[in-house]
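Subject: Structure handover

Hello,

Here is the structure I promised to pass on. Please open it first, then read my notes below.

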Amino acid sequence: MIPLFPRFAPITKSHKSDVELITQKYDPYSDFNFVSLYGWNTDGKTELSILNNNLVIKLKNYTKEGVAYSILGTEQLVESIQSLMDHSRSTELTLIPAVIAEQLNNIKNPFSVQEDRDQHDYVYDLEAIAELQGKNYKKKRNLAHTFEKKYGVDSVFSLLPLSDKLLQREIFSLVDRWQQNKKGPLNEDELIGLKNVFHLHKHVFGTGIYHNKELVAFAIVENLHGQHAMIHYEKTDHNLTGVTEYLMKKTAEHLTNTGYRYLNFQQDLGEQNLRAAKTLWRPMKFLMKYRIIRKNYHGSDL
């Protein structure tokens, strides 16, 4: 059970049902998604609390030193935000879903509400990605066809049993090759996050491409409420032209065939290359997020 504010508890697998009891009332924001919260708890410091029936999260800041606090829910909203700011000794809350920002904008309150484009979740039409039709998808369609033409005879799309230790080693090997292609150091947080998500294998599934019996692409996917799915991880071997597009197309086909319509591919964190890549998949909408800042605050921001 998640404790009542001002108490917090470190996130554990046992919190999944309590988190989702709240999150399923709203659009599936990545920051409040349980698998994402648990997976990216790479420093062991992500914590949860319940404040006036709203879910409060405390986690490592995505883009700078320190921690971030956020809240999901609309009950006693102004009082809840004030209490959380007082507790955190901060003038700002981040990763605030649009439903909260909209309610604040409609009532008198002591806060400034500011859109945070870097944190918006990208949401795609799964049927569009599965079909890759029209001029907007011409480049993606051509790349997927190139992969199929060059490598298709020796390649197979497969659902991946994420509980399998051998498969997990194959995934880590592919992540290592991906990182070598980028000519940069391994992202230790990403490796820890993958290990964490493997502990939740009952709640997610993998899709992958094997070429000559070697794993060359994978995605870790979660089925959510409201016909949404979410990709938590995706890596491909860029030595094979079009493998990323082929994986996305086949994954979207699978999800569409099982009744899902929307794909949340999370945020870009302001990284311009990542923003360009996500934009090329033609998002149908964003799950918008905001910063809430206390007006006319003259104390110290610790």
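First, the ground rules. This is a predicted model, in which local features need pLDDT of at least 70 and side-chain atom pairs count only at pLDDT 80 or more, while totals for chains, interfaces and linings use all residues. Residues are numbered from 1 along each chain as its sequence is written, and side-chain values use heavy atoms, with hydrogens and water left out.

Helices (H or I, at least four residues) and strands (E, at least two) are DSSP runs, numbered from the N terminus. Two strands pair if DSSP finds at least two bridges between them. Axes are lines fitted to C-alpha atoms, for helices over the stretch in contact, and angles run from 0 to 180 degrees between N-to-C directions.

Seven strands form an open sheet in the order 8-9-10-11-12-7-13. The pairing is mixed. Strand 8 (155-160) and strand 13 (285-287) are the edge strands, each pairing on one side only. On average, neighbouring strands here are turned by 30 degrees against each other, direction ignored.

Strand 10 (residues 214-223) and strand 11 (residues 228-236) pair in the antiparallel sense. Seven bridges hold this pairing. Ala217 stands opposite Thr236 in strand 11. Helix 8 (residues 188-198) lies across strand 10 and strand 11. Its direction runs at about 130 degrees to strand 11.

Another open sheet has three strands, in the order 5-14-6. Its pairing is antiparallel. The edges are strand 5 and strand 6 (111-115), and each pairs on one side only. Neighbouring strands of this sheet are turned by 25 degrees against each other on average, direction ignored.

Strand 6 and strand 14 (residues 289-294) run antiparallel and are joined by five bridges. Gln114 has Arg291 in strand 14 as its bridge partner.

Which strands does helix 3 touch when it packs on the sheet? Helix 3 touches strand 5, strand 6 and strand 14, and its direction makes about 70 degrees with that of strand 14. Helix 4 also lies across strand 5, strand 6 and strand 14. It runs at about 110 degrees to strand 5.

**Helix against helix**

Helix 3 (residues 77-88) and helix 4 (residues 98-105) pack at an angle of about 115 degrees, with their axes 11 Å apart. That makes helix 3 roughly perpendicular to helix 4. Here is the scale: under 35 degrees is roughly parallel, over 145 roughly antiparallel, 65 to 115 roughly perpendicular, and the rest oblique. Leu77, Val78 and Ile81 in helix 3 meet Ile100, Gln103 and Leu104 in helix 4. Contact means heavy atoms within 4.5 Å. By class, this contact has five nonpolar, one polar and no charged residues. Ala, Val, Leu, Ile, Met, Phe, Trp, Tyr, Cys and Pro count as nonpolar, Asp, Glu, Lys and Arg as charged, and the others, Gly among them, as polar.

Now helix 6 (residues 138-151) and helix 9. Their axes come within 7 Å and cross at roughly 100 degrees. The two helices are therefore roughly perpendicular to each other. Lys140, Leu143, Ala144, Phe147 and Glu148 in helix 6 meet Val243, Glu245, Tyr246 and Lys249 in helix 9. This contact has five nonpolar, no polar and four charged residues.

**Cavity and pocket**

On a 1 Å grid over the protein atoms alone, a cavity is a set of points where a 1.4 Å probe fits but cannot get out; a pocket is an open set with protein on both sides within 12 Å along at least five of seven lines; lining residues have an atom within 4 Å of a point. Grid points are joined across faces, edges and corners, and a volume is the space filled by probe spheres set on the points.

The count is one cavity of 30 Å³ or more. The largest cavity holds about 30 Å³. Helix 9 (243-257) gives the largest share of its lining, four residues. The lining has seven nonpolar, one polar and no charged residues.

The second largest pocket holds about 410 Å³. It is lined by 21 residues, and the closest to its centre are Asn61, Lys64, Ala68, Glu92 and Thr94. Its lining has seven nonpolar, six polar and eight charged residues.

**Two backbone details**

A cis peptide bond joins Phe5 and Pro6, with omega about 15 degrees. Gln76 has a positive phi, near 45 degrees. Gln76 sits in the loop between strand 4 and helix 3.

Best wishes
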